[in-house]
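Hi everyone, thanks for coming. Please have a look at the sequence and the structure on the screen, and then I'll walk you through a few spots.

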Amino acid sequence: MSMEVKIVSKRYNPLIGRTEVDFEVHSDETPRRFEVRKELASMLDVELDRVYVVRMLTKTGLRLTVGRAHVYDSAERAAFIEPEHIKRRNSPEAEGGGE
């Protein structure tokens, strides 16, 4: 699957110690959350365990997905703040489904 990820905006939240990133993904099919997470980590030059995709919404008929990711100052801070359901959604196992 080919996808093009574009960062739309970045805002630093000093109270929580994270950068909130809004992004767009142009793709022929709905992108997998884990793949988007890896691409964002690569683009922002940070470790994968500091990046969590919080929201993704695919626009009908446009081949466009918009979303938000949180990029933490440290992996420990991310593990402490992010809810468990977000951590599970961002794991590679969550993508497998029931296959």
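**Salt bridges, a core and a buried Asn**

Let's start with Glu20, which counts as buried because its relative accessibility is 13%. Buried here means under 20% relative accessible area, exposed means over 50%, and partly exposed is in between, with a 1.4 Å probe and protein chains only.

A quick word on where this comes from: it is a predicted model, where local features need pLDDT of at least 70, side-chain atom pairs count only at pLDDT 80 or more, and totals for chains, interfaces and linings use all residues. Residues are numbered from 1 along each chain as its sequence is written, and side-chain values use heavy atoms, leaving out hydrogens and water.

Back to Glu20: which residue forms a salt bridge with Glu20? That is Arg18, with the closest N and O atoms 3.1 Å apart. A salt bridge is a side-chain nitrogen of Lys or Arg within 4 Å of a carboxyl oxygen of Asp or Glu. Arg18 is buried as well, at 11% relative accessible area.

The whole structure has eight salt bridges. Another one joins the side chains of Asp22 and Arg68, at 2.8 Å from N to O. This pair links distant parts of the chain, since Asp22 sits in strand β2 and Arg68 in strand β4, 46 residues apart. Helices (H or I, at least four residues) and strands (E, at least two) are DSSP runs, numbered from the N terminus. Asp22 is buried at 17%, while Arg68 is partly exposed at 22%.

Now the inside. The largest nonpolar core has 13 residues, and Phe23, Val36, Leu40, Val51 and Val53 have the most contacts inside it. Such a core is a set of buried Ala, Val, Leu, Ile, Met, Phe, Trp, Tyr and Cys residues joined through side-chain atoms within 4.5 Å.

Next, is Asn90 buried or exposed? Asn90 is buried, because its relative accessibility is 0%. You'll find Asn90 in the segment after α3 (84–89). Its side chain reaches the backbone nitrogen of Val53 at 2.8 Å.

Finally, look at Leu62, in the loop between β3 and β4. Leu62 is exposed, because its relative accessible area is 55%. Leu62 and Ser27 are 35 residues apart in sequence, and their C-alpha atoms are 9.3 Å apart in space.

Methods. Polar contact = N/O pair within 3.5 Å; in protein donor to acceptor, adjacent residues only side chain to side chain.
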